[in-house]
Amino acid sequence: MNKEQSTVFRAWEATIRKTQAAKKRANSIFGTISIAHAEDDNDDENDSRNSAEPYHAEKILPNGDYYTGQWYDNFPHGQGKYLWTDGCMYVGEWYKGKTMGRGRFSWPSGATYEGEFKSGYMDGIGTYTGSNGATYRGQWVMNMKHGHGLKYFSNGDWYDGEWRRGFQEGNGKYEWKNGNQYVGEWKNGLICGKGSFVWTNGNKFDGNWEDGLPKGNGTFKWSDGSFYVGNWSKDSSEQNGTYYPSDSSLQDPEWDPQDLYKVHLSDSQVCPGERVSILPSQKKLAVWNSSKGGGGEKPRRMSVDGRVSVGMERAFDRMNMWEGEDNTSAGDRGRFSDADLLGLQVDQEGVQKMMPIMRLPKSLHSVGRPAPSASLDLKASAFDPKEKVWTRFPPEGSKYTPPHQSTEFRWKDYCPLVFRTLRKLFKVDPADYMLSICGNDALRELSSPGKSGSFFYLTNDDRYMIKTMKKSEAKVLIRMLPAYYNHVRSYENTLVTKFYGLHCVKLNGTTQKKVRFIIMGNLFCSEYTIHRRFDLKGSSLGRTTDKPESEIEATTILKDLDLNFIFRLQKAWFQEFCRQVDRDCELLEQERIMDYSLLVGLHFREVSPNGDLIASGMRTPPGETENDDEPRLSRADMDQLLLDPDMWSRIKLGINMPARAERTVRRSDCEYLLVGEPTGELYEVVMFFGIIDILQDYDISKKLEHAYKSIQYDPTSISAVDPKQYSRRFRDFLLKIFEEEI
């Protein structure tokens, strides 16, 4: 990240920190105050008695600002126009003194933004036109370009693709004014990752990029068909490769690869964005005191995102900003709920669809704010099942919660300090987590409920999975939470599921419906396409999908009897895999957990256009020698060709792991054999794997299931067995399908 990008990002973080100071002013569906505030209902009744209907007003405010439009309780509310003395102007929708809805903000320089506002921020879909003529239309989050957007730069260049924190990040297409274009991956506003650069003369570079320049494996191809393949670097000492001329090649065989940097890319710099002098959320409103606060006080200034200042900026309670008082006790300041992590669309039938309907400024209270203590050593009280925070949300709203269209419900956070510390252990950036869980994009439902009755949802950025769960599962997690916490703290490479938060929503009324859900990490969040998925337990009864090979899709979850590969890991990784499986299984065995499985995802490096897997070669049978007359690559050359050198920093146990998969076949007389015979047919793959479903204890229902099925089937073939037996069988099975690369 360069200096300018770092400055912009720090400014964005500063905006977030300032918004944290306005702690309890919520304008979305959830707030952060404990149910202990029993006076909420009376305050609501008083508010309604003292409120008046909105009316049209035209006001010249004490500092010279001018407002015309709908007015309510001494604040802009509805359609209105506000003109600041410095020349900035907003025309559009207001909600109790904040820009909320559709509107148009203009700067004295001539720059404009027209689109959606939320809590004073440019947030949603909108178009920004700079004073230099540059335009951006797309998604915004808290004043920053974030999501998909199209930008036309003032110099004639344009970019269409993904943005993050105000910079190009993800996949996108950039076309220069001269017609050259790049299509591929970006990071922090620079070309970074895999991509293709095409010149107007027909030349093309395909390969890896870093900090805006080719770096790593790549191919430069001329329009006449000749090409150069190798490892690219601006440092000539690291550059190496081979030139392949075409039949009609006119290129010089002694062509210098450094010309790619010195000549071909010299006139293709990415245009920087323009700087904004002041953001809409930073503009202050000159307002009088609310009618509820009494008269006689001096006019105060309030930011359009709800922050109030009297003379100087102070961290006033956003819920009480009309009076200008901070009624939060010192004890409450250190106790923040995680209720604002996720919104639930609730109906009378229960929670059927879940979607994040949060607004980012409010969400910052618990996610963006650090825990009261930075220590990873938690007291036993933090794990107490009684350690939870309830928040009530009546439809009409309350002093601490806004109105909503669902039935009345209550929100509960379990062990909030523990899960906040777990997110820190898992190196989850609070701002990124907030954007993933609390963003404007709806969650994606993965499938209908299975045998467990749970619904599964995925955040829009694929990072987190949300699962509804039974009460018994929640009890198991809370019971094993101390051991789980100590385990993941001790073993960074643990394969067990990463848990980020445990919550409950209770609908009031006749149904008294409760919905519990857990937020987990998504194992398959990757730049790679997952071509095969396996759920493996080491048992055989019912462990097949009964689908022919032709009907298997990338999203099909295959099981033990569908497995037709064994996996070969490099020596160091295989040894670490064996050690970590032992550690994880010991934890689960001690906690009396069973019925867990290893979820495996495979990305095949070579796949035909119609989806068929392409083998990379054959394994030499023991006792035979390879044919030296056949053209072949050494293992080192193969690794250099297939693996991005920069990828090693992203490899962890179970994440982005390069491996070889060898196809196996089962004999017709052993159809229930878990591991087939190796065929020698090898595939270069990238593996993802982890241990999932770790919340089923060996309770009375599982004991009865074991007793019943043992009468009908081979006891060793069923899933429901004693945790000790399950752990031993699971480990033995994994050591049969994972082997050390020789």
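Colleague: Happy to have it on screen! Which residue in E4 does Lys81 stand opposite?

Modeller: Lys81 faces Val91 in E4. Please keep in mind that this is a predicted model.

Colleague: What makes E3 and E4 a pair of strands?

Modeller: Pairing takes at least two bridges between the strands. E3 and E4 (residues 89-95) are joined by six bridges and run antiparallel, so they qualify as paired. In their hairpin, with five residues between the strands, Gly87 has a positive phi near 100 degrees.

Colleague: And how do you know that E2 pairs with E3?

Modeller: By the same test. Six bridges join E2 (residues 66-72) to E3 (residues 75-83), again antiparallel, so the two strands pair. Tyr72 stands opposite Phe75 in E3, and in this hairpin, which has two residues between the strands, Asp73 takes a positive phi near 55 degrees.

Colleague: Why is the contact between Glu589 and Arg731 called a salt bridge?

Modeller: The cut-off is 4 Å from a side-chain nitrogen of Lys or Arg to a carboxyl oxygen of Asp or Glu. The N to O value for Glu589 and Arg731 is 3.6 Å, so the pair meets the criterion. This pair links distant parts of the chain, with Glu589 in helix H9 (residues 571-590) and Arg731 in helix H12 (residues 723-737), 142 residues apart.

Colleague: Why is Arg731 called buried, and why is Glu589 called partly exposed?

Modeller: Buried means under 20% relative accessible area, exposed means over 50%, and partly exposed lies in between. Arg731 has 18%, so it is buried, whereas Glu589 has 22% and is therefore partly exposed.

Colleague: What makes Glu741 and Arg660 a salt bridge?

Modeller: Their N to O value is 3.8 Å, so it falls within the 4 Å limit. Glu741 counts as buried at 18% relative accessibility, and Arg660 is buried too, at 14%. Elsewhere, salt bridges with shared partners join Asp535, Arg543 and Asp560 into one network.

Colleague: How many salt bridges does a search of the whole structure find, and how many disulfides?

Modeller: The search gives 22 salt bridges and zero disulfides.

Technical notes
Residues numbered from 1 in each chain as written. Predicted model: local features only at pLDDT ≥ 70, side-chain atom pairs only at ≥ 80, totals over all residues. Heavy atoms only, no water. Disulfide = S-S within 2.5 Å. Helix = DSSP H or I, 4+ residues; strand = E, 2+ residues; numbered from the N terminus. Buried < 20%, exposed > 50% of the residue type's maximum accessible area, 1.4 Å probe, protein only.
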